[in-house]
Structure formats: C-alpha cells, structure tokens
Amino acid sequence: MVPQPTDHPTEGSKQLLNNYPVYITSKQWDEAVNSSKKDGRRLLRYLIRFVFTTDELKYSCGLGKRKRSVQSGETGPERRPLDPVKVTCLREFIRMHCTSNPDWWMPSEEQINKVFSDAVGHARQGRAVGTFLHNGNSYYEGTDHPGSQDEVFNRGMQDGSGD
C-alpha cells in the first residue's frame with residue numbers, strides 16, 4: 001500500500017489537531033492568538049484565513065447547509081461545500097482551545113457557523129478574508145464583542161412599549 005499524500009508540514013509549522021492533516025505556520029499561530037483578544041470567533045476567523053485559500057472560500061457553498069431551490073433557476077458552476085476535514089478540525093480545535101483556556105470566550109455552534117459563512121461572503125465580495133486591516137480600520141471591530149447576556153436579552157425587549 002502506498003500512503004496517500006497529505007498536506008505535509010513545512011519547517012516551522014504546527015499541526016492544529018493530531019488526527020487531522022491541517023497545518024499552519026508558527027508565525028500564523030502567533031498572529032492569530034495575539035490578535036484574537038481571547039475571543040474564539042476571532043481566532044476561528046484567523047484560522048479560516050490561514051487554512052483555506054480565498055478561492056476555496058469564494059467558490060464554495062460554505063458549510064453546505066442551505067439547499068438551493070431547483071425553481072430558482074440559478075445557473076453557473078455548482079458550488080461544493082468547504083473541505084469537511086478542515087471544517088471539522090477547525091470546529092474541534094476552537095472548542096478544545098476555549099475549553100482548555102477558560103479565559104477565552106467560547107462561541108456557540110451558530111456563531112461558529114456564522115464565522116464560516118461570513119468568511120465565504122467576504123471572499124465572494126472580493127474582500128480577502130485575510131484583509132483584516134482595510135485603510136487602517138479593522139472590518140470586524142464593532143461586530144466582534146460578545147456582549148453580555150443582559151444586552152442580548154434587553155435587545156429583544158426594546159419594542160417601544162413600556163417605560
């Protein structure tokens with residue numbers, strides 16, 4: 001039997017999880033961790049940028065969760081879901097990292113999915129996923145803060161009645 005080729009690590013690279021052939025460089029890891037402000041979503045954003053190419057994101061159908069309706073008549077190349085091995089590796093890595101570092105903010109399943117779909121959307125709009133700084137401003141600055149449970153709860157209650 002001939003072993004199947006995998007993404008072989010290059011010098012100075014780090015395997016994210018032992019049972020997945022997904023590697024990033026030590027420099028990428030340092031950048032991701034140091035720029036993530038202990039937020040699992042930010043860390044995931046960086047890791048997606050390092051693990052997937054812009055084209056992989058742009059020409060994919062993301063996680064493949066939405067079913068395209070046959071009646072919509074959409075033409076064009078069929079989009080394939082992102083590599084499930086890489087996606088699963090990133091999901092598990094984020095959970096493991098946030099669990100073993102309790103001061104990190106753990107994103108929910110829905111938030112993890114949204115980070116993936118946002119990355120695909122940004123790639124399609126020509127905003128490179130890796131372009132966090134654009135004209136000196138971070139794309140994600142205002143949308144990134146987890147917000148307290150109270151803020152989330154109160155947001156739904158501000159319908160104008162009361163007070």
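**Reading helix α2**

Author: α2 has twelve residues and spans 16 Å from first C-alpha to last, close to the 16 Å expected at 1.5 Å a residue. The expected span is 1.5 Å times one less than the number of residues; helices (H or I, at least four residues) and strands (E, at least two) are DSSP runs, numbered from the N terminus. This is a predicted model: local features need pLDDT of at least 70, side-chain atom pairs count only at pLDDT 80 or more, and totals for chains, interfaces and linings use all residues. Residues are numbered from 1 along each chain as its sequence is written, and side-chain values use heavy atoms, leaving out hydrogens and water.

Reader: Is α2 mostly covered or mostly open?

Author: Buried means under 20% relative accessible area, exposed over 50%, and partly exposed in between (1.4 Å probe, protein chains only). α2 is mostly covered, with eleven of its twelve residues buried; among them are L43, L47 and I48.

Reader: What do the buried residues of α2 pack against?

Author: Contact means heavy atoms within 4.5 Å. They pack against β2 (23-25), α1, α3 (54-58), α4 (84-100) and α5 (109-124). I48, for instance, touches L57, L90, V115, F116 and A119, not counting residues up to four places away in sequence.

Reader: And K37, buried or exposed?

Author: K37 counts as exposed because its relative accessibility is 55%. K37 is in the loop between α1 (26-35) and α2 (40-51).
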